[in-house]
Amino acid sequence: QGLQNLVPAQFATTTGSGGLAASSPLSSLPQLSSNSSARVKLYLDFNGDFQSSWGSNTNVTTKVFDQDGDFVIADFGTNVIGHLTCAGDWSLIADRVVWPDGSIRPIGKANFPAIDGAGRLWFSVTASAGSWRNRSRQTESDGYIAVVEEWQPGRPGRARVVATELGGTNELRFNADGTRLYVAETGADHITRFQVGPDATLTG
């Protein structure tokens, strides 16, 4: 309780897009805590995180935050990528994606978002909405990964597909320098590694 009392007053009420980001770039953040013996510790992971056990809770997934501390949400229920500020303001980032053949289609079962070091928003899609409704015991390999290269809260971005034919695409993670992307293909029972190109392409 009282987390607002653990930080200087000038930062305690700083929320919303465009606030802290301009004066505090991600590169200014320390990689390790400077006080390992602090009475209270906060763990921040801007790409979200999963823990199988956390206190008395199990299978806990924290959401992805943008640089201002607001939420980026891959909404599995409504098939969209959205943005939610700490003040409660929601806006659409994307509800459709551009495929390699140029067609524009609904996103489908959006699963997991991640923001890379360049600020690009990547997200996994477990399956198309159609195949999910008609799924049998085995998940079809129509999952994919997409990226929104330029986006900002309150304004929809252009999402494009960068990897296809994935089985039950789930969580995705970048390595430390952002040159590789790992994705859990839950439906295929394995993890796939991609090489990340400077132009937001995936090979591997």
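Tyrosine 144 is buried, with a relative accessible area of 1%; buried means under 20% relative accessible area, exposed over 50% and partly exposed in between, with a 1.4 Å probe and protein chains only. The model is predicted: local features need pLDDT of at least 70, side-chain atom pairs count only at pLDDT 80 or more, and totals for chains, interfaces and linings use all residues. Residues are numbered from 1 along each chain as its sequence is written, and side-chain values use heavy atoms, leaving out hydrogens and water.

A search of the whole structure finds two aromatic pairs. Rings of Phe, Tyr and Trp (its six-membered ring) pair if their centres lie within 6.5 Å; planes under 30 degrees apart count as stacked, over 60 as edge-to-face and the rest as tilted. One of the pairs joins tryptophan 99 and tyrosine 144 edge-to-face, at 5.0 Å centre to centre and 65 degrees between the planes. Tryptophan 99 sits in the loop between strand 7 (96-98) and strand 8, while tyrosine 144 is in strand 11, 45 residues apart. Tryptophan 99 also counts as buried, at 16% relative accessibility. Arginine 105 lies over the face of tryptophan 99, at 4.2 Å from the ring centre; the criterion is NZ of Lys or CZ of Arg within 6 Å of the ring centre and within 35 degrees of the ring normal.

## The second aromatic pair

Tryptophan 122 and phenylalanine 174 are likewise edge-to-face, with 5.6 Å centre to centre and 70 degrees between the planes. Tryptophan 122 belongs to strand 10 and phenylalanine 174 to strand 13 (residues 169-174), so this pair ties together parts that are 52 residues apart in sequence. Both tryptophan 122 and phenylalanine 174 are buried.

Six of the six residues in strand 11 (residues 143-148) are buried. Gly143, Ile145 and Val147 point one way, and Tyr144, Ala146 and Val148 point the other way.

Strand 11 runs antiparallel to strand 10 (residues 121-125), and five bridges join them. Tryptophan 122 stands opposite valine 147 of strand 11. Strand 12 (residues 159-166) is also antiparallel to strand 11, again with five bridges. Here alanine 146 has valine 161 as its bridge partner. Two strands pair if DSSP finds at least two bridges between them.

An open sheet of six strands has the order 8-7-12-11-10-9, with mixed pairing. Its edge strands are strand 8 (104-106) and strand 9 (110-115), each of which pairs on one side only. The twist averages 35 degrees from one strand to the next; axes are lines fitted to C-alpha atoms, and angles run from 0 to 180 degrees between N-to-C directions.

## The whole protein

The protein has two helices and 16 strands. Helices (H or I, at least four residues) and strands (E, at least two) are DSSP runs, numbered from the N terminus. Of the 204 residues, 34% count as buried.

Among contacts (heavy atoms within 4.5 Å) between residues at least 6 apart in sequence, 43% join residues at least 24 apart. The accessible surface comes to about 12,500 Å², of which 50% belongs to carbon and sulfur atoms; areas come from the Shrake-Rupley method with a 1.4 Å probe.
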